[in-house]
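Subject: Handover of a structure for your reading

Dear colleague,

Please find below the structure that I am handing over to you. The findings follow it, arranged by topic.

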Amino acid sequence: MAGAVETAQELKVAYGRLRAAYQQSLRYARDLKSVHDRLQRAFLQSLLGLANALEAKDPYTRGHSERVAGLARELALRLGASPSEARLIAQAGLLHDLGKIGIPESVLRKPGPLTGEEWALMREHPLVGARIVAPLEFFAEGALIIRHHHERQDGSGYPAGLSGEAIPLGARIVAVADVFDALTSDRPYRRSLERREAFRSIEASAERLLDAGIVSAFLCLVAGGRPDPLL
Ligand SMILES: [Fe+2]
């Protein structure tokens, strides 16, 4: 009987130790998770610094990345993405043109049409951007969005000539936000369009260039939740 009591006591002590060890590992896991999250944020912040450096090089795109990110997040949420998916799409929107960092200012700011060689350089930027973020394993989907943000629905885009749903959803969302912001901003080679003209131009691009479902979600979003009857 005394032996049974001792065993019960020992079991109780062992259980207590096990519980304490479990609580300790939970604390370690939480600490690790928070360090991991902080590291991820720090990496993204440093890339944002690079994106800002790019915007300083090219005043015409100042604020462009942030507007694209904001619009892409709204669009993603409207299309049913979860908050974390929408955040990833917004982060990719912030960094979508990062690859332009390697393009000379004389090309970025050129007021006239680009030569074949300059255009070839410009078309490299999605690949260069995706390569810059490639070491960030947690951002693999974001790298894909950056890589494919200039693909077009009919396969006429670059770098891979993907078409339709073969283009990652996030890239199709960023493309709509990017085209709208580009149309409504001044560029070295043309003045900005009025919002209404930009809406018409985007609507005309649905199916052939941009994803029609995302375009109609965009038009609802900018028209305050209902299609604009004047479009
Ligand atoms: Fe781009």
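A residue is called buried here if 20 or more other C-beta atoms lie within 10 Å of its own, exposed if 12 or fewer do, and partly exposed in between. By that criterion helix α8 is mostly covered, as 13 of its 15 residues are buried. Please keep in mind throughout that this is a predicted model.

Overall form

The protein chain contains 10 helices and 0 strands, and its pattern along the sequence reads α-α-α-α-α-α-α-α-α-α. The radius of gyration is 25 Å, well over the 17 Å that the globule rule gives for 231 residues, so the chain is more spread out than a compact globule. Along the principal axes, the C-alpha atoms fill a box of roughly 95 × 45 × 30 Å. Of the 231 residues, 29% are buried. Among contacts between residues at least 6 apart in sequence, 62% join residues at least 24 apart.

The nonpolar core

The largest nonpolar core has 40 residues, and those touching the most other members are A72, L75, I89, I173, V174, V176 and A177. At least two core residues are supplied by each of α1 (2–57), α2 (64–78), α3 (83–95), α6 (125–133), α7 (140–147), α8 (169–183), α9 (195–205) and α10 (212–222). The largest share, 9 residues, comes from α8.

From its first C-alpha to its last, α8 reaches 21 Å over 15 residues, close to the 21 Å expected at 1.5 Å a residue.

V174 has its place in this helix, α8. Is V174 buried or exposed? V174 has 30 other C-beta atoms within 10 Å, and it is therefore buried. Setting aside neighbours within four places in sequence, V174 is in contact with V68, A72, I89, A92, G93, H96, I145 and H149. The C-alpha atoms of V174 and L75 are separated by 8.9 Å, although these residues lie 99 apart along the chain.

V176 has another set of partners. Again leaving aside neighbours within four places in sequence, V176 is in contact with L75, I202, L210, I214, V215 and F218.

How α2 meets α10

The axes of α2 and α10 come within 10 Å and cross at roughly 110°. Angles of 65 to 115 degrees count as roughly perpendicular, and α2 and α10 are therefore roughly perpendicular to each other. On the α2 side the contact is made by E74, L75 and R78, and on the α10 side by I214, A217, F218 and L221.

Two places in the loops

Most peptide bonds are trans. The bond joining Y158 and P159, however, is a cis peptide bond, with omega at about 10°. P159 is found in the loop between α7 and α8.

The loop between α3 and α4 (105–108) holds G102. Because G102 has 13 C-beta neighbours inside 10 Å, G102 counts as partly exposed. G102 and D211 are 109 residues apart in sequence, and their C-alpha atoms are 29 Å apart in space.

With kind regards

Technical notes. Residues are numbered from 1 along each chain as its sequence is written. This is a predicted model: local features need pLDDT of at least 70, side-chain atom pairs count only at pLDDT 80 or more; totals for chains, interfaces and linings use all residues. A nonpolar core is a set of buried Ala, Val, Leu, Ile, Met, Phe, Trp, Tyr and Cys residues joined through C-beta atoms within 7 Å. Helices (H or I, at least four residues) and strands (E, at least two) are DSSP runs, numbered from the N terminus. Two residues are in contact if their C-beta atoms, placed from the backbone, lie within 7 Å. The radius of gyration is taken over C-alpha atoms; the globule rule is 2.2 Å times the number of residues to the power 0.38. The expected span of a helix is 1.5 Å times one less than its number of residues. Axes are lines fitted to C-alpha atoms, for helices over the stretch in contact, and angles run from 0 to 180 degrees between N-to-C directions. Angles under 35 degrees count as roughly parallel, over 145 as roughly antiparallel, 65 to 115 as roughly perpendicular and the rest as oblique.
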